[in-house]
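Here is my short note for your reading of this structure. Please keep the sequence beside you as you go through the points.

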Amino acid sequence: MDYSLKRMDDPGAAPSLDEQVRKSVFLGKLEDLAHHAVNWGRKNSLWPFNFGLSCCYVEMATAFTSTHDLARFGSEVIRATPRQSDVIVISGTPFLKMAPVIKLLYEQMLEPKWVISMGSCANSGGMYDIYSVVQGVDKILPVDVYISGCPPRPEAFLQALILLQNSIQSERRPLSWMVGPQGVTKMPALSMRDARHAERMAATDLRTPDDV
Amino acid sequence: MMSSAVLQEAQPTGIVGELYARFPGEGLVEQATADGMPTLWVPAAKLLAVMKTLKRELRQPYRMLYDLTAVDERQRQHRNGLPVADFTVVYQLLSIERNADVRIKVALSGDAPCCPSVTGLWLNANWYEREVWDLFGIRFEGHPHLVRIMMPRTWDGHPLRKDHFARATEAERLVMDQARVEREQEALKIDPAEWGMREVAEDHDTMVLNLGPNHPSVHGVFRIMLQLDGEQIVQAVPDIGYHHRGAEKMGERQSWHTYIPYTDRIDYLGGVMNNLPYLMAIERMAGITVPSRAQTIRVMLCEFFRITSHLLFYGTYAQDVGSMSPVFFMFVDRQKAYDVIEAITGFRMHPAWFRIGGVAADLPNGWERLVREFLDWMPKRLKDYEKMALKNTILKRRSVGIGTYSTQDAIDWGVTGPGLRATGLAFDWRKARPYSGYEHFDFEVPTGNNGDVYDRCVVRVEEIRQSLRIIEQCLDHMPSGDYKARHPLTTPPIKDRTMQDIETLIHHFLNVSWGPVIPAGECTMTVEATKGLNSYYLTSDGGTASYRTRIRTPSFPHLQMIPYISRGLMVPDLIAIIASIDFVMADVDR
């Protein structure tokens, strides 16, 4: 909100009617407000499922600890059961032998639920195009955010969480099975490569690795 | 000693001579290998007799079955008079008394090969033989329960055979529909009778509990089937294979150089330490001598990774026995170590920074300051942790006297590394067979007394201190010189002369385009990795890729021992035992 200070006895200082209305009356749709409030609550208490597959899980765990501190984003409440968690992070390689288990665990999570695919293996199989690896976890479950890297840094995981939060804020889910249209409307997926292209191309001075 | 296999005609000495004398005219054939390890081909019919001699009858016997694997020989070109074989089963035995190894090979033929089982001699042969059956389709006569271990039971075929497809994209497109999920879940169901879970008494019920493959305290995708009497463990049956990434098959397709990143992901907490045994084996076959600066840089980074790995162990171990806070402190230290590692290698967990013949780049300017800062930081933190964790009464009561085994048990089960040293035996590969210049460093081998959960932790904590000592010596005495060997097979070669003479230009071009061609031969190299002894057994057929890459990891036999040390204990004790083993599943299933 904008503020300015004016003298009370200055006749020109009295706010116009329009301004008075703008400052004291809230106009909006109750439905939007309700969605906004619900989404705000959801995005700031994303409870992750305690689930890890391989190397990426170590970087994910690093994001939980003091230096990166996931609690800043309301996601430090790790749940050991899928039934209490909101987000599953597929941190590692989706192995063929593990795939039915991953699928079952995902199905045991309650709606609303989200999936973050962490690292190259979960994104696409990565460097493991091999008989025992599923070529991307999106072959078996829907994915909301992909994190690139092998493994991604903990900061990349935090960024993914923020992206997921932004996406949740603009989601539309039915407030009740009685209210409004049913079904989920999500924000169109955002490509970070496109979003950052101009900025990256503008970089001309790259630090040499010769000095620390 | 170099290059292709040459059959030795001269009078063999040492262990080979001893065996020749005991089994005259029985068809034993010696093979020369690049690593100089005594290698003997034994007819399948004589295998058990020879193995029994090696394990029980010699004066200083080979008591540890260090590795058991197989090779599909059907497409191998450079066999140079080796016995005719379609498949070879390879046994590697270790004698701690002799400080020596021996490699025994058995030639098998046909599409359904069969070999006598050595499970009667070595307890840990069980899983190794199941693995060979699963991946090669070799049957072991007399094995108590020969079923798949890595692949799902619904799998068809044996992936490490040369005629089996390698890529997932070559297989049929995966459809994980409800029917498939149900079928796979059905295959994962526990049949108590199959695993020897019998009723303890007529009027007494036991419970079967499934722990994993996703459970917060099993450290990855690992499953244990438990038979419980109340909360007491009657039987614990580990089930592995959920983390099988086909790393050995991958070695047959990547060039010698491009396989390096895959090694980082074997023991994924060990980082560049995984590169070392792989590269040492290649360098031995290629005849490359690594300059002392490169060797010292390698040692320094390996010890950094030993510290980060042990710190992760320390924190999660404390957490598993009920102490939440240490892990938060220890991850801060890990960050500090990663800051140094990242400044030097440019990456955190998997730098893949070692190269054939040296390392990827020289140390950056100012590395000394970073290393010094870490060396100043760490010791006082370790002192804090001693009060916070090691002397904590709850931690002690949950771990002292739990999961105890003796040195003899450890050797029987193939246990190496801190798990072996905690039983009181000071066997460290860096001292027993120094590599990469470890003989020039001054450090001690910490040991425990009781071989229990607590001692395994104490040994690792002391190892962190010893690693700091080694890093300090690297810092104080870093040799000058090249960071990579000037040898034609170094990949990629040092570039400074590339534009000056045609010879280096051509080597550079070839090594970075199709990769180096390593002379045909076989070589095993071992390092003292973070979790125990880690070996790469490479077979080159004179090509740009390995013919067979065998990765012997320490965690595989360690997990096999769980039933033996957890019987009769409570479930929380099992969690403490699992934590004390310090494994990562990639190091088990590869």
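1. Start with a definition. Two residues are in contact if their C-beta atoms, placed from the backbone, lie within 7 Å. By that rule, 21 residues of domain 1 of chain B are in contact with 25 residues of domain 2 of chain B.

2. This is a predicted model: local features need pLDDT of at least 70, side-chain atom pairs count only at pLDDT 80 or more, and totals for chains, interfaces and linings use all residues. Residues are numbered from 1 along each chain as its sequence is written, while chains are lettered from A and ligands numbered from 1 in the order in which they are written.

3. Where are the domains of chain B? Domain 1 covers 14-141 and domain 2 covers 247-589. These bounds come from an automatic or database domain assignment. The two centres, taken over C-alpha atoms, are 28 Å apart.

4. Look at the side of domain 1 of chain B that touches domain 2 of chain B. β3 (64-72) and α3 (125-136) of chain B each give two or more residues to that side. The largest share, 6 residues, is from β3(B). Helices (H or I, at least four residues) and strands (E, at least two) are DSSP runs, numbered from the N terminus.

5. Now take B:V459, which sits in helix α15 (residues 453-476) of chain B. Is B:V459 buried or exposed? B:V459 is buried, because 22 other C-beta atoms lie within 10 Å. Buried means 20 or more such atoms, exposed 12 or fewer, and partly exposed in between, with C-beta atoms placed from the backbone. Leaving out residues up to four places away in sequence, B:V459 touches several residues, including B:P418 and B:T447.
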